[in-house]
Amino acid sequence: MTLPSSGTTSAARSDQPFDLRVEQSGHEAVVRLTGSCTMVVAGQLGECLLRLASESVRVIIIDMSGLDFIESTGLGGIVAGYLRLRRSQGELRIVAPAPAIRQLLELTRLTQLFTVHANIESARKAPPASR
């Protein structure tokens, strides 16, 4: 495991390509991430979250169970989506980050913005976060 020395990386990057899939139902969207979210593909994540937050979605659940690496630009996209969602009283929840990614979320204090859940069902059942 490699921790961020310059705030730009976490965990060991795999050769698995980044993939992003969205399942939207009513006011909820589940965004499933797999592979490595590098600077080259991080824009896809940010654009997706901003688009969802601009629509009628009020809860975005990001499933990180298949994500093995994320750079600071990917985290920036998540924060941008969170900020847009917050304007409409929405909420962003994180599911099953790998240990190194969870540690990165904690080191950057993003766990103070997002709740982290073990699985999608617990994220769906979670009460709204207090602000």
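Reply: First, a term: a residue is buried when its relative accessible area is under 20%, exposed when it's over 50%, and partly exposed in between (1.4 Å probe, protein chains only). Bear in mind that this is a predicted model, where local features need pLDDT of at least 70, side-chain atom pairs count only at pLDDT 80 or more, and totals for chains, interfaces and linings use all residues. Residues are numbered from 1 along each chain as its sequence is written, and side-chain values use heavy atoms, with hydrogens and water left out.

Let's start at H117. Its relative accessibility is 13%, so H117 is buried. H117 sits in strand β5, residues 115-117; strands here are DSSP runs of E with at least two residues, helices are runs of H or I with at least four, and both are numbered from the N terminus. Skipping neighbours within four places in sequence, H117 is in contact with R93, I94, V95, A96, S122, A123 and A126, where contact means heavy atoms within 4.5 Å.

Now follow A96 from that list. A96 lies in the loop between β4 and α3 (99-107), and because its relative accessibility is 24%, A96 counts as partly exposed. Its backbone is worth a look too: A96 isn't a glycine, yet its phi is positive, about 50°. Most residues other than glycine have a negative phi. Q89 is another non-glycine with a positive phi, about 65°. Q89 is in the loop between α2 (72-87) and β4 (91-95), and with a relative accessible area of 62%, Q89 is exposed.

A96 also turns up in the contacts of M64, again leaving out neighbours within four places: L33, I78, I94, V95, A96, P97, A98, I101 and L105. That brings us to the nonpolar cores, meaning sets of buried Ala, Val, Leu, Ile, Met, Phe, Trp, Tyr and Cys residues joined through side-chain atoms within 4.5 Å. The largest has 30 residues, and L33, I62, M64 and I78 touch the most other members. The elements giving two or more residues to this core are β2 (28-37), α1 (42-54), β3 (59-70), α2, β4 and α3. Top contributor is α1, with six residues. There's also a second, separate core of six residues, including V59, I61, I120 and A123.
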